[in-house]
Amino acid sequence: MTTARRHAWRPYKQHEKGFLLIALVALLTLGGLYFLVSNLSPEFMRGRNQQRTGAALTEAREALIGYAIRYRESNPNTSTGALDKVYGYLPLPDLGSSRNNNSTDIDCYLKEGCEAYNFSGNGINVTVIGRFPWRTLGTGPIRDGNGECLWYAVSGSHQRNQPDPTRQMNWDTLSQLDVVVANGTAAMVSAITSAHDRPIAVIFSPGPPLAGQDRSISATDGVTECGGNYAVNNYLDPALASDLAGITNYLTGTTNKASGDTSVTNKSLSANGVINRRSDATMFAGNCPPNDTSPCAIVANDTGAAVTSELLFRTLRGSSYFRTDINAMLERMVGCLRDQFAAGGSLTLDANSTGLPASPADKTAGRIPTSTCYDDTQNPLGYFSHFKDQIFVAKPGTGSWDNTVAVDGVAQTSCSAALIFGSQRGAGQSRGTTAERNTPASYLEDPNLTGFIAVGTPSFAGPSLFSVINASRTNQHDIDRCLVAGTWTVSAGCHSAEQDIVRCVPAGAGASFTSVVSPALPGSFSQLSAYDPAIRTLTLGALGVRTSDGAPAYALYGCTWTPETHLTATGLRVYFRFEIANRGDGFVFAMIDGDRNSANVCGAARQHLGYSGNNDPDQSSNGLLPSIANNETAIVEYPKIGIEFDNTKATGTTTTSGNPLTAGRNDPDYTPPQDNDAHAAIVYWGGETAIATGTACNASNQCPYTGTCGTLGNCPAVRYCNTVNHKCYLRPEYDDNVHSFPLPPDASARPAPRNPPAVDPFPNPVYSPPPGLVTLDRLGSTTTSNRDFHVRVEVTRTYNGSPTDAKDRKGTYKVETWIVAEGVDTQQITAVKNTTRPMSELYSGLAATLSNDGIRYDQPRNACVLGVCPAGQSCASGTCYETGPPTIYDLPIGACDAQQKCSGPPLLKHNACISGACPAGSGQACGADNFCYDALYSCGSDNVCYAEAFRTMRLGFTNGQGTQDQVINISDFFTTWLP
């Protein structure tokens, strides 16, 4: 028993001994820490406090800049939801819960750390000082090394409460603040060397209280977090104005000394830390001189961090949204000026050009005029008035300029004018006074400056895009190259802040669109596609042009295209508005491969809508027969993507038809009928191989379409006889914009994308994700006639441009389309119009009307089992299909040669060679003209040459007409190309 008790007791005593030992070690450790802390030198403590203060000021400054560069997105128009404000504005300080005027803000009312709302007497002429608005900025209370919360002064010129279109907000906007320092004299002197260097805001660490400063708890404002009160002079120095020769970090004559008019005299602030004042009024930064026996006392200890315009816009320039806005503004201006000049209009300079030197005798040169075509009411909303002083136009007195406007290092031909964006200031440039703003040299650099102000053949040069700044650039006027990571490159990253952006305004009567002529349409009939640059409106169709009026059925097609192609890169966003004044067959908004299609391509009439089919009446373009007319247009070659607006149901169309206008497949036939089954759909192309019709033929007796064949089994009309299997085939272009007739599965390794089939019965509401085909009568009206519709198309391209093997190159193309009827919802229409932002950020709750992000009909798999498919697949009509955007493969264009190289059209031209070489890793080679080139085609391991699909795109509209007239007006077309 004794043994048992001993064994039960010992563990407890050992545990107790261990606990006592740990406690003793802890006491010794605490004692050691106390000894260390109590013996830290004052210098060490001051250094540690300064480090904490510096970190606090940096955090606060970053938060303010973050607010400024999100300002446009964070402050939409309260009634329309539009993003109509520019970046750069800053919040007001926290003036205390009793003065913040924020009773409508449930997140901030009666809470500290919130910015004040506007107050009586405030304006762009008023500087305001208060506590740092940490709750508004989401940082939590930020404290300096002494435990005090930070304070903050903001110039009225940059307050968010004062956005004013008459006062420009850009990198040239002058602040009303100054920073002064002590320099061993009886006066504080300015540390600012240029008006543009004045800070737009200053964040303060107030430091420990000085004699006369009362930091007791406020009786009127909530201070549960930071404590103290909101009287600025109790925190910011000096206690007596005379102590700093009249300089104070507060404003007299207002509540809490928090605001004052600084429009006449800039508000000087002391923010350089401790200032000592000797008895003879001499002031020193830091301590008084050593060995100086005169009485000396601290009169100020505020430490500040300035937010400058240069810092703000250098950061803002890194925002892709800001760059997109500037580039969209310039793109819109180019289009507007292009159409204006094409319509016979002249260039009338804006009134703000009156102070500039007179235009040279051989050109009109000045600031761009105000126009409703690109003013603040156009996207990007609100930008024009704030940046118009930066934008210059030079137009020749007669004719156009050839090879005198170099954009991105490439000389342009036939420019009706040069548009120049002066960008930010460079060395020696100042824009603070009226005289400086009326001096071209304050904005432009050579060669643009000389080309702008001098008589003679001009020279204008610069990049086309407002881009990021590369600090490694060694020559501010060198537009061709810069040093990036030790390597000379010609990338867009070569921009310097002050570099002029240059655009060519193309000349030509066709203006922003060029229309295809239907040669076989008699001159007594109007063409079915015409663009009027004077009103910037495209009209598809015409009255009195029907088969019943004597017009040839095969000639009733029309197409209109952008004259230039554009690199597709990662995609695009497009907006346009259409009105069906007279309802006919319909139209297609088409995005076609720019390398394979000129601006003179068009499809067939009627149900083909100019997008599919072949408008050659004798079908000579199939190469089998000699042409009779020999004057029709080329077909629209794949790859292509269209958004079809089909107003009639095409019936009786089959693959066995002998009529080129009915050869193809039927449109949807909904049950019950919906508005004559008018529909909108995403369309591609039916296939890349001919369509078997099942009819036998005698190849040796294949007849011309204009003759007779007898009874030997020829293939009539648009079909042709395959000489291998003696079967009749329909050319693939007849199958491009159809939905209902079933397509055979494509089991090839590189299937073409499939048009979405009809969904019947059509669901209401439409399911999610949105389908690729919808009925137009579900868009807010039982009829589509005489009503405006707003259309937005987003194409997001993901391209694997550098696979190991060229045969594996392909891309996915996510296509989303929003169609909103006029009058349905103002905020929806506002969002649809703004192509500078993705729709997901403008109106996240508005689902796309059309989307191809659902079933991939180009990728059929196995049959559904009880309606169920494996993960990543969906069941449709008993078959499992993969889901997600369709794949578009690169195009096979022939066999590689013996050296496994490809021949073809002229090589792609890039920027100038640098010292006879092209950028490393680019795959480019230097040509004889000292420019870099690369090939359109690449050879795959299968010994086939491939061309990149959609390397470039051409945009346009196609339409067809038949037994009934149609008139469709399209306006407000605008595109934002994604980088």
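Q: How many helices and strands are there in the chain?
A: In this predicted model, the chain has eleven helices and 48 strands.

Q: What makes C288 count as buried?
A: The relative accessibility of C288 is 16%. Buried means under 20%, so C288 counts as buried.

Q: Why is C296 called partly exposed?
A: C296 has a relative accessible area of 33%.

Q: What makes C559 and C602 a disulfide pair?
A: The S to S distance is 2.0 Å, and the cut-off is 2.5 Å; therefore the pair C559 and C602 qualifies as a disulfide.

Q: Why is the disulfide of C559 and C602 called right-handed?
A: The torsion about its S-S bond is about 80 degrees, so the disulfide is right-handed. This pair links distant parts of the chain, 43 residues apart: C559 is in strand β24, whereas C602 is in the loop between β27 and β28. Both C559 and C602 are buried.

Q: How do you know that C869 and C880 are joined by a disulfide?
A: From S to S the distance is 2.0 Å. Sulfur atoms within 2.5 Å meet the criterion, so a disulfide joins C869 to C880. With -95 degrees about the S-S bond, this link is left-handed. C869 lies in the loop between β37 and β38 and C880 in strand β39, so the pair ties together parts that are eleven residues apart in sequence. C869 and C880 are both buried.

Q: Which residues have the most contacts inside the largest nonpolar core?
A: They are F132, F322, L419 and F421, in a core of 78 residues. Helix α6 (residues 320-342) contributes the largest share of this core, ten residues. A second, separate core has 43 residues, including F576, I643, A821 and L891.

Q: What is L419 in contact with, leaving aside its neighbours within four places in sequence?
A: Among the residues in contact with L419 are L330, M333, V334 and L337, as well as I501, V502, R503 and V505.

Note on methods
Residues numbered from 1 in each chain as written. Predicted model: local features only at pLDDT ≥ 70, side-chain atom pairs only at ≥ 80, totals over all residues. Heavy atoms only, no water. Core = buried A, V, L, I, M, F, W, Y, C linked by side-chain atoms within 4.5 Å. Buried < 20%, exposed > 50% of the residue type's maximum accessible area, 1.4 Å probe, protein only. Helix = DSSP H or I, 4+ residues; strand = E, 2+ residues; numbered from the N terminus. Contact = heavy atoms within 4.5 Å.
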